Amino acid sequence: MQDHRLDVAACIIGAGPVGATLAATLAAAGLPVAVVDSAPLPPMELQDFDGRAYAIALASQRLLAAAGIWAHLPGAPCPIEAIHVADGRPGAPPSRLSLHWRADAVGPEPFGWMVEARALRVALNARLPAMPNLAVFAPAQAAAVERHEEGATVTLSTGPVITARLVVAAEGRNSPLRRGAGIRAATLDYHQIGMVGAFAHEQPHGNGALEQFLPNGPFAQLPLAGPGHFGTAAFPHASAFVWADRTAIAQRMLALPDGAFGRELRRRLGDRLGAVRPIGRRWSYPLSAMHVSRWWDTRLALVGDAAHGVHPIAGQGLNLGFRDVAALAEEVIAAWNGGGDPGDAAVLRRYQARRRPDTLLMLTGMHALERLFGNDIAPVRVARRLGIAAVDRIPSLKRAFARQAMGLGPGVTGLLAGQPLGRS
Ligand SMILES: Cc1cc2nc3c(=O)[nH]c(=O)nc-3n(C[C@H](O)[C@H](O)[C@H](O)COP(=O)(O)OP(=O)(O)OC[C@H]3O[C@@H](n4cnc5c(N)ncnc54)[C@H](O)[C@@H]3O)c2cc1C
């Protein structure tokens, strides 16, 4: 489908996890789709574990399965079957007033899965080119994007001209399409750096995750399927970490040699996993929250990190993006199947109405958590420890939190509830 001119229902700019999943979801329902990325697809598919992994909630997994992506994962990802939330300090044991959830108390399925970024990329790269009504242009720049009431035209730097009913901005945080449309984005700098990576460890994790709230920022351990070729007899298990800390401290930590960095990890983990050894690369990101004034413009919709940024305190960034995919795909497919215009303002208004409240709630919720847990004032510490212990004793509240972690909050229907749309 690499013709010089192409007419599609939707042209998606950005083939990151969100844009690529939207492309596969629409194409699986029979819509003609194009997806454009400025980076080439194959080099994104790294050969070795690179230290990055996503926590994919149950609802997001259903979306990936409906889009035919999940089946292409190269190995079985690790299910998250238990979550332990505690308040603590580096070097001190976690508070005994903690919260513990087990997925089997809610139902037969896990909270979610830990999927290596590399494995998701492998699955997307296997799925996308195999779909007959999906054209992939990568690497290619959208040299010109013209949007009018009647339709949109995307001219690629490599030559092809794509006419589309709808253009989707999925180019991540610095979305040029969002800026070009004059959509304002309010940002809040947390003055923290998020450090991400993996470590091998002595003791099994039992498919459990730990969220430790430390004075300078949260620290999460998330179970991985295994250390692969990084494994040794002494370190046969593996987990990922997401660790937010003050910028200056994080910079110091990132510069440490592996041995010293491993000791810092252990000071935050306690003894539950035994000895630890960092594996793969360490990644770091300055942390900020972002909220857009509008989710759409003439024949343009924003999805994923182009539309929002949240604190990674609960690993929800990508899951929010997948919820955008489900909502936009459902609206666009319904319009297309009904003989309507999928880029019409009424469709995009409905999309915004579905996504804005959920995202705002997540944004404020993560922010409140960050503020509540991100200080070490003694009365606040005592109050939050008592709060954690109180939630642990209220089964209905615990269950509601658990369903939220699975992405199964109130009103979840359609793709996120496991109902496939159109043909596959
Ligand atoms: C520290 C940290 C930890 C995180 N951990 C988790 C986690 O455990 N679970 C979770 O759900 N989320 C997590 N997230 C969030 C997650 O990484 C992002 O939400 C996710 O990557 C967003 O995907 P996206 O496709 O919207 O954007 P991106 O991943 O940014 O992809 C954008 C794509 O667009 C392309 N592009 C850019 N500019 C252009 C252009 N001009 N033209 C064409 N293409 C372009 C890029 O090449 C890229 O392929 C974490 C984030 C941080 C910072």
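This is a predicted model: local features need pLDDT of at least 70, side-chain atom pairs count only at pLDDT 80 or more; totals for chains, interfaces and linings use all residues.
Pro139 sits in the loop between strand 8 (134-137) and strand 9 (142-147). Most peptide bonds are trans.

Most residues other than glycine have a negative phi. His191 has a positive phi of about 55 degrees and is not a glycine. Arg299 also has a positive phi, near 55 degrees, and is likewise a residue other than glycine.

His191 belongs to strand 12. Arg299 lies in the loop between strand 17 (296-297) and strand 18 (300-302). Are these residues buried or exposed? His191 has 12 other C-beta atoms within 10 Å, so it is exposed. The limit for an exposed residue is 12 or fewer. Arg299 has 28 C-beta neighbours inside 10 Å and therefore counts as buried. The limit for a buried residue is 20 or more.

Strand 12 (residues 185-201), which holds His191, pairs with strand 15 in the antiparallel sense over 10 bridges. Gln192 has Arg246 of strand 15 as its bridge partner.

Strand 15 also pairs with strand 14 (residues 217-223). These two strands run antiparallel and are joined by five bridges. Here Ala220 stands opposite Val242 of strand 15.

Strand 14 in turn is joined to strand 13 (residues 208-214) by five bridges, again antiparallel. Gln212 has Phe219 of strand 14 as its bridge partner. Strands 13 and 14 form a hairpin, with two residues between them.

| Strand pair | Bridges | Example bridge |
|---|---|---|
| Strand 12 and strand 15 | 10 bridges | Gln192 and Arg246 |
| Strand 13 and strand 14 | five bridges | Gln212 and Phe219 |

How many residues of strand 15 and of strand 14 are buried? In strand 15 (residues 237-246), nine of the 10 residues are buried, so this strand is largely enclosed by the rest of the structure. In strand 14, seven of the seven residues are buried, so strand 14 is also largely enclosed by the rest of the structure. In a regular strand the side chains alternate between the two faces of the sheet.

**The 3-7-4 sheet**

Another part of the model is an open sheet of three strands. What is its strand order? The order is 3-7-4, with antiparallel pairing. Strand 3 (53-57) and strand 4 (78-80) are the edge strands, each pairing on one side only. From one strand to the next, the twist averages 30 degrees.

Strand 3 and strand 7 (residues 112-116) run antiparallel and are joined by five bridges. In one of these, Ala55 has Met114 of strand 7 as its bridge partner. Helix 2 (residues 58-66) packs on the sheet and touches strand 3 and strand 7. The direction of helix 2 makes about 95 degrees with that of strand 3.

Notes:
Residues are numbered from 1 along each chain as its sequence is written. Helices (H or I, at least four residues) and strands (E, at least two) are DSSP runs, numbered from the N terminus. Two strands pair if DSSP finds at least two bridges between them. Axes are lines fitted to C-alpha atoms, for helices over the stretch in contact, and angles run from 0 to 180 degrees between N-to-C directions. Two residues are in contact if their C-beta atoms, placed from the backbone, lie within 7 Å.
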